[in-house]
Amino acid sequence: MTVNEYNQAVNNFSDRIYRYVLKSIRDVHKAEDIVQDSYEKLWKNVENVNAEKVKSYLFTTAYHTMIDRIRKEKRSSFSEEINLKEPGHENNYSDLKEILDEAVKRLPELQRMVLLLRDYEGYSYKEIGEMANLSESQVKVYIYRARVFLKKYIGKIEVLV
Amino acid sequence: MKINKNNYEAYFIDYLEGKLDEKLVDDFIEFLQQNPELKEELSLFESISIEPENVLFNKKETLHKQKLDSEAEFNKAAIANLEGDISQTEKTEFESYINEHPEKKRDVSLYAKTKLHPDEAILFNKKKKLYHYSVGKTIFLWSGRVAAVLVLAFAFFTFFDKPVTQIIPDNKIALLEDKTNKKEVNSAAKKLPSEIKKSDTKKLQKNNSKPKSEKIKPQAKPKKSVRESTQGRLNHEDLALNRIPLEIPAELKRITASLNTQLPTASLATIKRYNTGIEQNIYEERLLANIVKEKTGIDKFQFNKITKAGLNLVSSISKDKFKYETNEDGKVSEYKYDSRLLAFSIPSKSERNSE
């Protein structure tokens, strides 16, 4: 990968990676740091990375950097449980996007990250599995659980509204 | 327990169902022989039997369950359908199921809503930090930065080191302007263009031929000063009378002076220049400082511009970690520094004072 190709990767993918990371961890400064870290790692390996696979390389790096950061912060393994706090009446939702945002916030980190890779970037189960070091069936299960939760959450709010 | 008239019914039922213990059979037969009326009752028991009626349940279909009736299976199929991870037969089965169960359409639409879409308005604004350049370009950039620092330093030097000629000495005495002479000059200057317009070239030649002394009118004799007329001998009262009060206007008006020169009307002799063939390089002696000033426009600089140039330089060197903000007047209002280890924001001195 040449320097020009690297800079092209900055133009093409930095916004998308930033969106993905920001949605996953919901912290602007951390998201910026993680994007920069990912590109620094890419720059260190610029000679070994194929230009055609740079996007998945960046997303993989961003994913694992996020996992490391979350583990350090939590000092434990990830929670598999969904935040089952009932959607309250006090929330004034104006549209579906807000409801969905709230629901996504409540998803466990891994489910959220995997689902975002699927929906934002359209990666297949297999590709996500390779990126996140998960089996294809594990990815399927994460996405299945996440969608069931989101559907139930939206359904409840719709009934409340 | 021995069989008697109070408990014989239980023995009868066990006997009829073939469950009577073999040890009790002898006692049971002996009891029947002793009680012939009960033997007759037993024969009545034997004839009783109920045959089941041939009745059918007609609503079996309502009780049947399909695979997709299971919530888990439905969710699985709905999500697979959403993800495009469903076979053609499963898809057909799913769609027909939805058609048969319209109440399930809401679930399908809710699943469709769980598809997340990225917000395109969110952009990564620190791309500059990510760019890398080739070695040649890096050297060029750094040399440019060094050059910029030198230019700035030179600009500071020229700004603070003013030339000696501009410094007005303390003991300099202001010269008084002679108003009478100026008026004459102005009137002469005003007259000249009209005269030139009226007169043709011939007249001019004639005028030139006449002696100048004839044209100039004799000037009025200058008045003698008080000192000259009185020869310095005046009493205090007379001196006070001779004093001319000076009227000082509230606002001093500017006196504009214009100088019109009479253009020569006579045609100038043409000068012929011959090229000797020998090239001569003309060197203009100019100071390097003046060249730099012209090229960079530093001679028109302001202090604020220099400050901004310096801050921009610091910002570019620190890879945008250091930033500053300006107010509406273009003055620096706030300094910001943001790195992984340290981040702060300081309002400028003027901004603090205004607050």
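How many bridges join S1(B) to S2(B)? Five bridges do, and the two strands run antiparallel. The views below start from this pairing in a predicted model, where local features need pLDDT of at least 70, side-chain atom pairs count only at pLDDT 80 or more, and totals for chains, interfaces and linings use all residues. Residues are numbered from 1 along each chain as its sequence is written, while chains are lettered from A and ligands numbered from 1 in the order in which they are written.

**View 1. An open sheet of three strands in chain B has the order S1-S2-S3, with antiparallel pairing.** Strands here are DSSP runs (E, at least two residues), as helices are (H or I, at least four), numbered from the N terminus. Two strands pair if DSSP finds at least two bridges between them. Strand S1 (322-326) and S3 of chain B are the edge strands, each pairing on one side only. Direction ignored, neighbouring strands are turned by 15 degrees against each other on average. Strands of a sheet pair through backbone hydrogen bonds, either parallel or antiparallel.

**View 2. Strand S2 (residues 332-338) of chain B meets S3(B) through five bridges.** Here B:Tyr335 has B:Ile346 of S3(B) as its bridge partner. Strand S3 (residues 343-347) lies largely in the open, because zero of its five residues are buried (buried means 20 or more other C-beta atoms within 10 Å of a residue's own, exposed 12 or fewer, partly exposed in between, with C-beta atoms placed from the backbone).

**View 3. B:Gly330 sits in the loop between S1 and S2 of chain B.** B:Gly330 is exposed, with 11 other C-beta atoms within 10 Å. B:Asn304 is 26 residues away from B:Gly330 in sequence, yet their C-alpha atoms are 8.3 Å apart.

**View 4. Chain B touches chain A with 23 residues, in contact with 28 residues of chain A.** A contact means that the C-beta atoms of two residues, placed from the backbone, lie within 7 Å. Helix H5 (71-83) and helix H7 (105-113) of chain B are the elements that give two or more residues to this side of chain B. The predictor gives the complex an ipTM of 0.83 and a pTM of 0.50.

**View 5. Over residues 191-199 of chain B, pLDDT stays under 50.** This score is the predictor's confidence in each residue, from 0 to 100. The model has five contacts beyond four places in sequence for residues 191-199 of chain B.

Key. Axes fitted to C-alpha atoms, helices over the stretch in contact; angles between N-to-C directions.
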